[in-house]
Amino acid sequence: MEWHACLDEYEKLVIRMTTPRVVIDNAVCPTATLVKVDSARRDGILLDAVQVLTDLNLSIKKAYISSDGQWFMDVFHVTDLNGNKLTDESVISYIERSLETSFPDRSHGFDGSTALELTGTDRVGLLSEVFAVLADLQCDVVDAKVWTHNGRIASLISVKDCNSGSPINDSQQIDRIESRLRNILRGDNDIRSAKTSVSLAITHTERRLHQMMFADRDYGRKPVLQCREDSPVVTVQNWAERGYSVVNVQCKDRAKLLFDVVCTLTDMQYVVFHATINTAEDKAYMEFYVRHTDGTPISSEAERQRVVQCLRAAVERRASHGVRLELCTSDRQGLLANVTRTFRENGLNVTRAEISTTNDIARNVFYVTDAIGNVADPKIIETVREKIGLGELKVKELPLIYHEREEAAIGVGGAVLSLGSLVRKNLYNLGLLIKSYS
């Protein structure tokens, strides 16, 4: 570390003590890489550490967190998405540089584009209408994330002017965009809660989506989809002797789960002092010892219920509902409007979407269900793929219920299918899979 000439020894000592120290160890654990972080405690440091790891699409298999007093110590057991240790030196170096920054820049610009924030009531075809309006107003969508939960939708959409390729700065044009999108989001009965706005920069795209849905109170609305057996279980108890509230979360494990939970606790003004995170097979078990930012534990039953509701919502917002479809093709004006219109015309509802454009190549991910949130018919999925392009739109992930249905179809109440029908059914399903992954 190089020191500026004017720094005295005391200032150097302060810098040494406040700068996080990071150790990345591949020798201790046979199945994961250990990322150890020691630092003086400051607001948001846990979220910063988790954010760095999840932005690299790393899986956090275990974590031990302690920050009593003025010191913060974390140990994360991480792997890549294939379950392997980290061996890429550029990734390891990036983690070290990012975590060793005392006060990392949490802002996220939009690189020459204009960011739109949208919230409103979700419905079949809404995304199609949004993209159609943007295309009509000569807006080119370069990046977008869309979440839906409990009948609500939140979206961050980054756009440029189609003709100039520049950000949209004209105030009258921005007013037109906001007005038309707000009318679409309102529908027939959503006058008050439909919102559109322009954001110059945000803390973090996915954290902002959590904040938007939290402000929209999606956690307090009636679920649209029926609760499944894998719904998150959240409990909150007070440990009076130590002045902590103990929050337990048990749910199906998935990518970025810890980020979603820590992000929500942080934005609800709770500080995590200790935590243990563990995963076993496809389950995640998380325990957090928290206090308010003023040092007090959760003080009422109403607050306890609110924490339970909000953490359930945080886990569910990013959970995958429906068939995962991936679109990879040359970007062109009106592409998203055409694709989502095809979904709408065939009764498919988009429950989550991730839109990105790099070097004029569109790489988009959609999760789709039928109009009422049930699993989409495979025949409809194939029809949509044929209309959009079998080589461009591919099925990448099928819900577990597809396999459950296949097992149930073999025999119900003692009924047995004929050998011929079983053979035909398996050949048909094999054909679908071959086409999907070709």
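What share of the contacts in the chain with a separation of 6 or more comes from residues 24 or more positions apart? I looked this up and got 71%, with contact meaning heavy atoms within 4.5 Å.

Notes on the source: this is a predicted model, where local features need pLDDT of at least 70 and side-chain atom pairs count only at pLDDT 80 or more, while totals for chains, interfaces and linings use all residues. Residues are numbered from 1 along each chain as its sequence is written, and side-chain values use heavy atoms, leaving out hydrogens and water.

Next, the whole chain. I found twelve helices and 16 strands (DSSP runs numbered from the N terminus: H or I of at least four residues for helices, E of at least two for strands). Of the 438 residues, 45% are buried, that is, under 20% relative accessible area with a 1.4 Å probe, protein chains only. The chain exposes about 22300 Å², and carbon and sulfur atoms supply 51% of that (Shrake-Rupley method, 1.4 Å probe).

Then I checked a helix pair. Helix α2 (residues 45–55) packs on helix α3 (residues 89–99) at about 160°, their axes 10 Å apart; axes are lines fitted to C-alpha atoms over the stretch in contact, and angles run from 0 to 180 degrees between N-to-C directions. So α2 is roughly antiparallel to α3 (over 145 degrees). On the α2 side I noted Asp48, Ala49, Val52 and Leu53, and on the α3 side Tyr94, Ile95, Ser98 and Leu99.

Last, a loop. Asn359 sits between β14 (349–358) and β15 (361–369). Its relative accessibility is 71%, so I put Asn359 down as exposed (over 50%). Ser330 is 29 residues away from Asn359 in sequence and 9.1 Å away in space, C-alpha to C-alpha.

Methods: Angles under 35 degrees count as roughly parallel, over 145 as roughly antiparallel, 65 to 115 as roughly perpendicular and the rest as oblique.
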